Amino acid sequence: MQSPTPPKNVAYAAFSSPGKKEAGSSPSTTTTHLPSPPLEPPILIQRASRISSHQQLLPPIAIAPRDSVAGNATTAPSFRGRVSSFASNKSAGVPDDTTGKMKINMGKERSLGTDVKYRPDFKFNMELALRTAVGVVLASLVMTKASGNSNNALISSNSHRKQWYFFPEWYILGGLSYVATATVFGCGKNIGSTIRELYQQISGVGMALLYNLLIFSYFEPQVFNTKADLIVATTDGTLTHITRAFSGNPYWVHQRDFFTILPFIMLFTLMTLVLPLETNTKKYMLGNNLYFALTLVSPNDFTNPAVLKTPGDDFYKTNNILRNLVVYMMLGVTGACIAQLMLWFPYPIFAIRKLQEKTTGCAESIQEALNLIVDSYCFKNKDVEHMNFLKLKLKRKFDVAIAKHAEMTALLNDVWWEQLVGLHIPLKFRLSAVKPFIDLYGSQIENLRAMNQAIVLERYESLHELFMKSIQKEVYVVQLHATKLLDEISLNVHNGTTAMDLDGMAKLEKSMEGLLTHFQQTQNRVYKKHKPTASQVEANIPLNLFLFSLQSYCATLLEFQEKFNGKTHHTGRRVFKFLKTTLSTFVDKGKYPMDKLQMAFKVWIAILVACFFSVYTFGYSSTTAGAVAYVMGNHIGGSFSVTANRVGGVIAGSIIPSICLFYICSYACTSSLVVAITSYTILFVWVTFSMYIKWKGGFEAYAGLISAFTATQVLLKGCDGCQTGTVAPISSYSNLAQMSLGIVLFIIVEMMICPQSAMALLRLNVQKQLKYYQQCFQVLVEDTLAHDGLVVDGDTTAADEIKDIVQKKLPALLVEQAALLKEAAFEPLLWKPPFSTQKYEAVLDCCQRLLNNTLVLYKLTQWYKTRMEAKKEPAVVVDDETKDTTTVATVEAQPPVEPWGFSTVEVGRAINDTFDTLHHLFGDNFTYADGDQTALFMQMKEAFRLADTDCSGEIDADEVKCMIQMIFAQSGAVKVDAIDTYVAEFMRVVDKDESGKVSLEEFIDALEHGLQLQVQVFQHRSKKVAALMPTIGEEGSRNSTETDADAVRRKRQSRQSQQRTSDQQTQPLVPQRLSSQMQDEDAMTRAHDMLNVDSFSLPEIAQAMRTTYATWLMDQKRYEKSSMEELLLLNCLISGVSGFARNLAHLEEMTVQQ
């Protein structure tokens, strides 16, 4: 940290108001050379700058009071003309006699970047694509044919000729393109991810290999020793001739062998799907097991399925078959090793280095956001809603920070694999130190978002300016010490420290305590002196949220050392702990949820059906069954997005490469060298293009991977028809058909067995979150308020459950909600209503804000509990006779806590009722409801809520009376007769169970059946007036010869006729018998719409609660009697309740959108 004392012989710009000048200076002088003054501790905020090494570093800005500068005897005038945004800088009661000192320096470069014409990651993604393409071409070299087989003719395994240059003649299993396929699937963005893919490939193929070695060691498919035995088998039904094959070439099926091996295939499939293994490992296990079993059980030649195996051939004996399986496994390992090699040359791409680059800038990015938030809150007196640039800048910084945290979290998995093979030693990296630092980064983002929420809520009224004048300096001191401590933590982490001893903790803790204490003193002084109104006190509540969020930010830093030192940094212990945790997952019931078992059963059924198609239609090809295994993936709520990508990738990788292969084989068959060069060139270009699409990310990334895989299969197939001159590369189309059939099979099974669409699961996900948020609200808010903030010792189960919900369950549900939102956008609608992506994105945003609000409340209650427990100190009791001392735990003397006199029952009931309403709206009943239906239900709920004044969930007779009186008042009636009669009639019609109270269900049922309140307003008319004005609703004017008595009789008859008609049709809720006074008056009748609801009432109830709280706080100066912890708890709880109300009302608004 640089010294605040400026160096000698440095020019400072001294600013003063026009019309006055410094003593002893000429009028034209604006710059003076001052000696080093004894400044008060200035507030220095250092920010990183990038300047050349030969440029002299200038000291940071130092601001000090004018009177502390030696040699300045004059007093500068006030800065009345400054912009109003800086008005809060001036201290109350302090004369404007300060001067600013400025140094001009070059800060961090901020390039516009207008000259960039491509994506920032274009070069890196293209480099990865080129490396993958080179690896695929290298992997294709294993398919080099033997010297005597260069004419591209298809050679049968029965010929016993050496087919491949790198393999012995006894290898007959084929599938050499698996090397290139393994290279495509094995390449990652860094060495760590490639090591993971290598491990998963070896694990998946290895387990499938061991299983098949065990099976075929005891079960040997029937091999015919003589040609006569083969002829008998074809005639007695042992071999079934399939003449209608998809490829057009007939083949044979050995049904006994197939039905013998099928149970073992499905047993292995079921175990793989159910066990908690990695998704890619499952894919490799299922795909290779299907390939091994279906290929080995086939009675046809492995290379040319159109012919049967040669009778008595030793190549088809068990020993040679097992050798072929081992070689096939090595093909996959070779492909993965080639993919690994590509990540090392021409230079290695380490995940460790990538993570180090990210974590190095974590402290700076957090400090920049903190500086921006503190500066905006402390020095601005303008509503953030009117500061567009600030609002957008904060949003952009949070978006970048969240994306950076997600990227670092993803890199941790790749770094783990690099550390597993010892790469962390030469790179001097310690994962056990960096991971807690990344968690700290994520926690500080949440704290900063809470501080930003205070900025959004703040309206910058007069009280805010008064408070800021008093606590500005303390806030900046806390900010300074927090910045220094974060830098110290970052330095220790990147130096690989295993035991921290931070120097800045004491200063930060002391400054934060001083800020809170000073804030309470300032609050008492300001409230006592200025006597603010309840609305002013209410407007100052966000300041408490800001200070607590700042305290939470500092507490997170202070707690880091203890958490870090409690971590296990010894490699051996960490490996043992990892193995123990991994093995425990296999017996953990939580790893076998019902939805996972249902999905496993669906995939199992689809693979079973696909096996029959593979054997009886596609000549024992495992492509159809393998497509099901690859499509099922790890996608919640269907595989429509995966299906779309896979179909698109298969089509892209089949059509164009097949056309290219057709022309290559048609015009270059005579030269195998030309065929190879041309095919590999096209393969290189196509794989580069496809893999770039994969590496750039986005929705179509999976399609790029499948396109590269399919093109590899097509182009490496070669020219099979060169020897006959009939080139027809239909193999790629057969491959496309088989993959498409597998995908369709899985979709059909998924829709027939316990169908669960992504949209339904998305709504269920929101329901779960609402349930958890309601539980958190009841524990964190209602229980705390019910106990008046007192810490209740006892069962900690509820606290542990809330901690698990807030820190694990809700974040996991948010991640799942985002994934389901993307998946739901690709589901076919069919009979379903249109899916609104914009609506559910807004719902996701609301859920995220609810989580932030809940996190603040959880930290608040934990902080308050810790503070209250810290005030318990041991008391020493001395025995008068023995003089022995005994330590007794007691609570220090505290004044009796006054019960909190403000009520939150109404808002609590309203919030719980809103939770129940939203849970119902996201349920099955409203899955296919449109916006109008949802809006009608919401209006019914709001109408009921307005009538239910005590928020009891039922409407009693008194509340019905109040409702009817309000309706009459809205209709213009001043005097209401027979009000009790109307109440009784309403209860008779609506209260079906005659309980004396109307439930919500009864109220909605009455409205659905056309409940209508018709109000008749009677106005007394004199004869003269009645004669001059016709009655509303009459047709035409009265005859001039008609007497007044006749007119009265006619009107009475007309009203009675209308009354009878209305009784027969609408049954209005008005008494049948009218008083004689009413019968002599003119009547206006109108129907009152009970669903005429202007807005959601929850924000208004929350506003009333805040006003009630502010009034209670100012009454009898309760703010002076309450402790700092109690005031902070109360204000933040009130702010949290308002946050719940605001977000829930916004969610209600989102539900009525289409």
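Biologist: Is Lys1117 buried, partly exposed or exposed?
Modeller: Lys1117 is partly exposed, at 37% relative accessibility. Keep in mind that this is a predicted model.
Biologist: Where does Lys1117 lie?
Modeller: In a loop. Helix H34 (1098-1114) is on one side of that loop and helix H35 (1118-1121) is on the other.
Biologist: What about the phi of Lys1117?
Modeller: Phi is positive there, about 50°, although Lys1117 is not a glycine.
Biologist: And what is the phi of Glu994?
Modeller: Glu994 has a phi of about 55°. That is positive too, and Glu994 is not a glycine.
Biologist: Where do I look for Glu994?
Modeller: Look in the loop between H29 and strand E8 (998-999).
Biologist: Is Glu994 buried or exposed?
Modeller: Exposed, because its relative accessible area is 70% and the cut-off for exposed is over 50%.

Biologist: H29 came up. Which salt bridge do Arg988 and Glu985 make, and at what distance?
Modeller: Their side chains meet at 2.5 Å, N to O.
Biologist: How far apart are Arg988 and Glu985 in helix H29?
Modeller: They are 3 residues apart in H29, which spans residues 979-990. That separates them by about one helical turn.
Biologist: How accessible is Arg988?
Modeller: Arg988 has 56% relative accessibility, so it counts as exposed.
Biologist: How many salt bridges does the structure hold?
Modeller: It holds 19.

Biologist: Give me another. What does Arg867 pair with?
Modeller: Arg867 forms a salt bridge with Glu513, at 2.4 Å from N to O. This pair links distant parts of the chain, 354 residues apart. Arg867 is in helix H25 (residues 837-870). Glu513 is in helix H13 (residues 505-530).
Biologist: Is Arg867 buried or exposed?
Modeller: Arg867 counts as buried, at 18% relative accessibility. Glu513 is at 28% and counts as partly exposed.
Biologist: Is Lys941 buried or exposed?
Modeller: Buried, at 7% relative accessibility. Asp913 is at 25% and counts as partly exposed.

Biologist: New topic. How many disulfides are there?
Modeller: A search of the whole structure finds 0.
Biologist: Which cysteine sulfur is nearest to that of Cys846?
Modeller: That of Cys847, 7.0 Å away. Cys846 is in no disulfide, because the sulfurs would have to be within 2.5 Å.
Biologist: Is Cys846 buried or exposed?
Modeller: Cys846 is buried, with a relative accessible area of 0%. Cys554 is also buried, at 1% relative accessibility.

Biologist: Back to the surface. Which residues form the nonpolar patch?
Modeller: Ile656, Ile659, Phe662, Tyr663, Tyr667 and Tyr733. Together they have about 640 Å² of accessible area.
Biologist: Which helix gives the most to the patch?
Modeller: Helix H19 (residues 640-667), with 5 residues. Phe662 lies in H19. Phe662 is partly exposed, with a relative accessible area of 33%.

Biologist: What does UniProt list for "domain: EF-hand"?
Modeller: The unreviewed entry lists residues 935-970 and 978-1013.
Biologist: What is the 978-1013 span made of?
Modeller: The span is 58% helix and 8% strand. Its end C-alpha atoms lie 15 Å apart.

Biologist: One last thing. Which residues does the cis peptide bond at Pro346 join?
Modeller: It joins Phe345 and Pro346, with omega about 5°. Pro346 sits in the loop between helix H7 (318-342) and helix H8 (351-360).

Definitions and conventions
Residues numbered from 1 in each chain as written. Predicted model: local features only at pLDDT ≥ 70, side-chain atom pairs only at ≥ 80, totals over all residues. Heavy atoms only, no water. Salt bridge = Lys/Arg side-chain N within 4 Å of Asp/Glu carboxyl O. Helix = DSSP H or I, 4+ residues; strand = E, 2+ residues; numbered from the N terminus. Buried < 20%, exposed > 50% of the residue type's maximum accessible area, 1.4 Å probe, protein only. Patch = residues over 30% accessible without salt bridge, like charges linked within 9 Å, V, L, I, M, F, W, Y side chains within 5 Å. Areas by Shrake-Rupley, 256 points an atom, 1.4 Å probe, with all protein chains shown as cover. UniProt positions renumbered as here; feature names shortened; annotations may be inferred.
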